[in-house]
Amino acid sequence: MARILYIEDEQEIGRWVTMNLTELGHHVIWLRSGEEAEEHLAHCDLVILDVMLPGLDGFSIGKRIKKEQPDLPILMLSARTAIEDKVEGLSFADDYLTKPFHPDELAARVEVLLRRFNKNDEILKLKHLTIHTKDMRIVNHETGEEILLTGKQYQIFQYFLRHLNQILTKEQLYEGVWGEPYMEGDKTLMVHIRYLREKLEKDPKNPEIIETIRGIGYRVRK
């Protein structure tokens, strides 16, 4: 089933939620604060996040997660029922569930989010590459070699895969991956594309996977 990152500092509810989700077949990583969350994000399918946490609160942690991984669904849990809190939570999260709640409702909301974000593994073939989209495992099927990317390289390639066959401008790519306005003349994206091609392409000087569209940007075609 799914790999779920669960951040909750209350021991009783944490054990209860973890037990229920584990019984449904999910693999649950339960953290008591958001301090170690970042190291687990690349390997999970869903984040369940309490609002009231020691240190940074759930709203701050959730916004940071969503900025880094916009395709990772977030379910907020909170005893706060005020409409202002729900509005703030739903400004970045994908669902908001108030405490107390029934385990069947939590299970149902988890399944809806997993279906909505299509977290089932899909195998995509591009030229000599086989890509397992769920965990972004990339294999050169001609050599059997697994290709390892850096975090930012994964984000760029994932953005291409979400927009297969589309010509993307430098502005679209930069703002979609970094979440900041692109500044004309900035070479950051170009450098990352060059390093990405060195890992993915048979001949980086004559790329077949990440095409350059002269005067516009780039494209990955299926």
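Which residue in β3 does Y6 stand opposite? In this predicted model, where local features need pLDDT of at least 70, side-chain atom pairs count only at pLDDT 80 or more, and totals for chains, interfaces and linings use all residues, Y6 stands opposite I48. Residues are numbered from 1 along each chain as its sequence is written, and side-chain values use heavy atoms, with hydrogens and water left out.

Strand β1 (residues 3-7) pairs with strand β3 (residues 46-50) in the parallel sense over four bridges, where strands are DSSP runs of E of at least two residues, helices are runs of H or I of at least four, both numbered from the N terminus, and pairing requires at least two DSSP bridges between two strands. These strands belong to an open, parallel sheet of five, ordered β2-β1-β3-β4-β5, whose edge strands, β2 (27-31) and β5 (95-98), each pair on one side only.

Elsewhere, I147 lies in strand β9 (residues 145-147) and counts as buried because its relative accessibility is 8%, buried meaning under 20% relative accessible area, exposed over 50% and partly exposed in between, with a 1.4 Å probe and protein chains only. Not counting residues up to four places away in sequence, I147 touches L129, I138, N140, Y154, K199 and L200, contact meaning heavy atoms within 4.5 Å.

E201 is found in the loop between α7 (188-200) and β11 (210-213). Leaving aside neighbours within four places in sequence, E201 is in contact with H128, P207, E208, I209 and I210, and its side chain reaches the backbone nitrogen of I210 at 2.9 Å.

Methods: Polar contact = N/O pair within 3.5 Å; in protein donor to acceptor, adjacent residues only side chain to side chain.
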